[in-house]
Structures are given as structure tokens and as C-alpha cells.
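Here is a friendly note to read alongside the structure. Keep the picture open and look up each residue as it comes.

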Amino acid sequence: MRKKLSFSLITLIAGFMLAIQFNLVNQPVVSDTRDMWQLKNDLLKEQQSQVELLESISKLEEKIASYETKKNESKEELLRETLSEFKTDAGLTEITGKGVSVSVQPIKEGLLLGEKIEYISPVLLRRLINEMYMFGADEISISGQRYISTSVIRDINGKPKVDGYSLTDYPLEIQVLTVNPKKLKQRIQGSELMDDFFIDNFEVQITTPSSELTLPAYQNTINVEHMEPIIDGGES
């Protein structure tokens, strides 16, 4: 009797486990597509950052090689060349190259309906600039004002300004230099940010001029903080 009871109990447990396993196998696999797209987007950003880092390393290696070949030249001439390079990198010189022109202006339909068009949001404009750099922009000017690493776009007395210059005249012209204008244009046009501009009653038009663009030099004074000149007390 005990053997029959044990056999029945074992059979019941085995059947229960088989039923659970069968149920798990037949359950559909549900994937979270949102998480997958987020991972792909993060991966793309990391790949872009890696490309930018490799390009920076390559430029630095080229400079080192150039210094090695010029080590027999006068130190004064080498310092002049280095200073010129630093000024160019800092945006203190006029620069010419291929790129795209971006025009931002109020939607005409909104004006026809009598809607009041507010000034462009500094937050929205900063997001556009950041995306341009992420998509391959090298140098940028806004309404004829050179945009550099220390530039500030903010709201002053209800008006958007970049480094103190008002951005209240439309269309707002943004010129961007890049090695691949066509790619940059496509990336901006496909950005979700264009919908945000439309919601704020602004339209963005992007063109790739056939001729080269010329960006002005940065006109304001760059204040360098937390730096002091080093007085060399060693041998001359």
C-alpha cells in the first residue's frame, strides 16, 4: 500500500513539473522594444564619441610629428605657428569651408491666423546647437556671431541673446561648417527636435550652399580664469 502511495505521489509531482515546464515553453517571448531602441541610441552615441576621440588623437599625433620635423627650426617660429593654431581652434580667426545654412523663422500660417509669435526659446536653440555638434558640426555662427566653447545662449529681459547679442531678427541664420554637409543636413532634418520647433510655431529650413561658407572670428574678449603666467627662474 505504501509503495502504491509513494509511486502515485512521485507520479503526481513529475506530472506537475512537466505541466509547469510545458507552460513556460509555450509562453510567448515579449521584448521591450523601447528598451531596445534606447540601447541602440546609447550605442550610437558611444560610437560617435569614440570616432571623435580617435579623430582628436589623430590630430594630436600629427602635431607631434610636425613638431619633431621642425625641432631644428627656430623656437620663435614654432611658437608663432602654435599660437596661430590655438587661435584658430579657439575661434579667434575667420574660417572658410563647406557646410550647411540653417534658417529659423516663424511659421507663416501662424502669422496669418493672427497668433503672437514669441521669440525663439534659448533652451530650444541650445538643443539645436548641441545636436549639430553631435551630428558632425565643426564650427558654428549664429546671426553673424561666432559660437565658441565659452559662448552662452540665454534669456535677458525676455529676449534670447548669444554672448550679449540679440537674436530677435528673423529669419535667424545659422551657418555650420562640417566635413560632410549632406550627412549633417539629413541628420538635422530627421531629428525629433524639428517637431519641437514646429510646436513653438517655428520652421527650420536647411540648405547646402554650392559655394564655401565664411564664418567670422569671435569678437568678444575671452576671460581665462584660474590661470596665471609661470615665471621661469631657470637657465635661459
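1. Let us begin with a term. A residue is called buried when its relative accessible area is under 20%, exposed when that area is over 50%, and partly exposed in between. Tyr-165 has a relative accessible area of 33%, so Tyr-165 counts as partly exposed. Please keep in mind that this is a predicted model.

2. Where does Tyr-165 lie? Its place is in strand 7. Leaving out residues up to four places away in sequence, Tyr-165 touches Gln-145, Pro-160, Gln-219 and Asn-220.

3. Now for the whole chain. The protein chain has seven helices and ten strands. Of its 236 residues, 24% count as buried. Take the contacts in the chain with a separation of 6 or more: residues 24 or more positions apart account for 80% of them.

4. Back to strand 7 and its sheet. Three strands form an open sheet in the order 5-6-7, and their pairing is antiparallel. Why is one side of strand 5 and of strand 7 left without a neighbour in the sheet? Strand 5 (153-156) and strand 7 (165-166) stand at the edges and each has a single partner strand, so one side of each has no neighbour there. Strand 6 (residues 159-162) pairs with strand 7 over two bridges, in the antiparallel sense. To see a bridge for yourself, find Lys-161, whose bridge partner in strand 7 is Ser-166. Helix 5 packs on this sheet, where it touches strand 5 and strand 6. The direction of helix 5 makes about 170° with that of strand 5.

5. Strand 2 deserves a look too. How many of its eight residues are buried? The count is eight of eight, so to speak a strand that is mostly covered. Strand 2 pairs with strand 8 in the antiparallel sense over six bridges, and its pairing with strand 9 is also antiparallel, over six bridges. Val-102 has Ile-174 in strand 8 as its bridge partner, while Gln-105 stands opposite Glu-203 in strand 9.

6. Next, helix 6 (residues 181-189). Its residues Pro-181, Leu-184 and Ile-188 are buried. Seen down the helix axis, the buried residues fall within an arc of 65°, so they line one face of helix 6. What covers the buried residues of helix 6? The cover includes strand 2 (99-106), helix 5 (122-134), strand 8 (172-177), helix 7 (193-199) and strand 9 (202-207).

7. Several of these elements meet again in the largest nonpolar core. This core has 28 residues, and Leu-128, Met-132, Ile-140, Ile-142, Ile-174 and Phe-197 touch the most other members. At least two residues of the core come from each of strand 2, helix 5, strand 3 (139-142), strand 8, helix 6, helix 7 and strand 9. Which element gives the largest share? Helix 5 does, with five residues. As for Ile-142, setting aside neighbours within four places in sequence, its contacts are Ile-129, Tyr-147, Ile-153, Leu-167, Leu-172, Glu-173 and Ile-174.

8. Finally, the aromatic rings. A search of the whole structure finds two aromatic pairs. Tyr-133 and Tyr-147 form a tilted pair, 6.5 Å centre to centre with 40° between the planes. This pair links distant parts of the chain, with Tyr-133 in helix 5 and Tyr-147 in strand 4 (residues 145-147), 14 residues apart. With a relative accessible area of 27%, Tyr-133 is partly exposed, whereas Tyr-147 is buried at 12%.

9. Tyr-170 and Phe-202 form a tilted pair as well, 5.6 Å centre to centre with 45° between the planes. Tyr-170 sits in the loop between strand 7 and strand 8, and Phe-202 in strand 9, 32 residues apart, so here too distant parts of the chain are linked. Is Phe-202 buried or exposed? Phe-202 is buried, with a relative accessible area of 3%, while Tyr-170 is partly exposed at 27%.

Technical notes
Residues numbered from 1 in each chain as written. Predicted model: local features only at pLDDT ≥ 70, side-chain atom pairs only at ≥ 80, totals over all residues. Heavy atoms only, no water. Buried < 20%, exposed > 50% of the residue type's maximum accessible area, 1.4 Å probe, protein only. Helix = DSSP H or I, 4+ residues; strand = E, 2+ residues; numbered from the N terminus. Arc of directions from axis to C-beta. Contact = heavy atoms within 4.5 Å. Pairing = 2+ DSSP bridges. Axes fitted to C-alpha atoms, helices over the stretch in contact; angles between N-to-C directions. Core = buried A, V, L, I, M, F, W, Y, C linked by side-chain atoms within 4.5 Å. Phe/Tyr/Trp six-rings, centres within 6.5 Å; stacked < 30°, edge-to-face > 60°.
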